[in-house]
Amino acid sequence: MAHKKGAGSSSNGRESHSKRLGVKIFGGQFAQAGNIILRQRGTVHNVGLNVGLGKDHTIFALRDGIVEFKKRRNDKSYVSVHPLSAE
């Protein structure tokens, strides 16, 4: 007898690939200039000192130094990089 499944299309297989979001370099760790610190959707974390913001809201280091996550008065999270020495 004929069965329902005929011409080969499957009902599964439409999941999207994971986007690998999240913190890549944590607070207290060393980051080199250009390193990605955080990948996010929207500005969950905001830009502080010596970091840049990409068009996809990726936060990256502009200088070598130690990464710091801090909440400020407005209860928003800010990411900064503190240089190791005065350059």
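1. Burial and surface. Of the 87 residues of the protein, 22% count as buried, where buried means under 20% relative accessible area, exposed over 50%, and partly exposed in between (1.4 Å probe, protein chains only).

2. Basis of the values. This is a predicted model, in which local features need pLDDT of at least 70 and side-chain atom pairs count only at pLDDT 80 or more, while totals for chains, interfaces and linings use all residues. Residues are numbered from 1 along each chain as its sequence is written, and side-chain values use heavy atoms, with hydrogens and water left out.

3. Secondary structure. The protein has zero helices and eight strands, giving the pattern β-β-β-β-β-β-β-β along the sequence. Helices (H or I, at least four residues) and strands (E, at least two) are DSSP runs, numbered from the N terminus.

4. Sheet. An open sheet is formed by four strands in the order β1-β3-β6-β5, with antiparallel pairing. Two strands pair if DSSP finds at least two bridges between them; β1 and β3 (residues 36–39) are joined by two bridges and run antiparallel. In this pairing, V23 stands opposite L38 in β3.

5. Nonpolar core. The largest nonpolar core has 10 residues: I25, A31, I37, L38, V51, I59, A61, V67, V79 and V81. At least two residues of this core come from each of β3, β6 (59–61) and β8 (77–82). A core here is a set of buried Ala, Val, Leu, Ile, Met, Phe, Trp, Tyr and Cys residues joined through side-chain atoms within 4.5 Å.

6. Contacts. Leaving aside neighbours within four places in sequence, I59 is in contact (heavy atoms within 4.5 Å) with residues including I37, L38, V51 and V79. Among contacts in the protein with a separation of 6 or more, 40% involve residues 24 or more positions apart.

7. Salt bridge. How many salt bridges does a search of the whole structure find? The search finds one, defined as a side-chain nitrogen of Lys or Arg within 4 Å of a carboxyl oxygen of Asp or Glu. R39 forms a salt bridge with D56, the closest N and O atoms being 3.8 Å apart. R39 lies in strand β3 and D56 in the loop between β5 and β6, 17 residues apart. R39 is partly exposed at 24% relative accessible area, and D56 is partly exposed at 32%.
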